[in-house]
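Colleague: I would like to learn how to read the sheet, the core and the ligand shell of a model. Please take them in turn.

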Amino acid sequence: ANTNNTVDERLLNICELLEANVSYYNWVGFYFRNGNKEELKLGPYVGAPTDHTIIPFGKGICGQVAVSNENFVVPDVAAQDNYIACSITVKAEIVIPIFVNGENIGQIDIDSNTPDPFTEADERFLEFVCAQVASIL
Ligand code: SME
């Protein structure tokens, strides 16, 4: 195991693995709470570059998960009022929070160019991924 890799390298590896192996995972990235601020900061990601490197708590799908502490599955992004568009190709999104000692410290965010692709299997799988991530932070 590459135990000498930095955390960011390992998180990027996870993004690459997910994007490469799940056909409907088209943008995969991490957002983390930015210090003690009420905002998220973009971490490692794979996919099209985004202007949304800082997202205030409450804004967009990601910002809502920062305050709800709940998974957010969006089958159709066009049907969401509180949504931040990163790319016009995106049809659906899933955001799963990452908990360390019960605290919501960030999230994995996945965009799909396929409409309504995410199932409960994705939620369970990504919860597992997030638990693994929590253990390396
Ligand atoms: N769509 C997200 C913003 C982040 S991009 O998907 C990379 C949102 O509404 O919070």
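Modeller: What follows goes from the sheet to the core and then to the ligand.

Modeller: This is a predicted model, in which local features need pLDDT of at least 70 and side-chain atom pairs count only at pLDDT 80 or more, while totals for chains, interfaces and linings use all residues. Residues are numbered from 1 along each chain as its sequence is written.

Colleague: In what order do the six strands of the open sheet stand?

Modeller: Strands (E, at least two residues) and helices (H or I, at least four) are DSSP runs, numbered from the N terminus. Two strands pair if DSSP finds at least two bridges between them. Here the order is S3-S2-S1-S6-S5-S4, with antiparallel pairing. Strands S3 (54-56) and S4 (72-74) each have a single partner strand, so one side of each is left without a neighbour in the sheet.

Colleague: Which strands are joined to S1 by bridges?

Modeller: S1 has six bridges to S6 (residues 103-112) and five to S2 (residues 39-46). Glycine 29 shows both sides: its bridge partner in S2 is tyrosine 45, and in S6 it stands opposite aspartate 109. Tyrosine 31 stands opposite glutamine 107 in S6.

Colleague: How many of the seven residues of S1 are buried?

Modeller: A residue is buried if 20 or more other C-beta atoms lie within 10 Å of its own, exposed if 12 or fewer, and partly exposed in between, with C-beta atoms placed from the backbone. In S1 (residues 27-33), five of the seven are buried.

Colleague: Which residues have the most contacts inside the largest nonpolar core?

Modeller: A nonpolar core is a set of buried Ala, Val, Leu, Ile, Met, Phe, Trp, Tyr and Cys residues joined through C-beta atoms within 7 Å. The largest has 26 residues, and Cys62 and Ile108 have the most contacts inside it. S5 gives the most to this core, with five residues. For contact between two residues, the cut-off is 7 Å between C-beta atoms placed from the backbone. Beyond its neighbours within four places in sequence, isoleucine 108 is in contact with Phe30, Ile96, Ile98, Leu126, Val129 and Cys130.

Colleague: Which residues come nearest to the ligand?

Modeller: A residue is near a molecule if its C-beta atom, placed from the backbone, lies within 6 Å of it. Of the 15 residues around the ligand, Gly60, Ile61, Cys62, Ile84 and Cys86 come nearest. Helix H2 gives the largest share of this shell, four residues.
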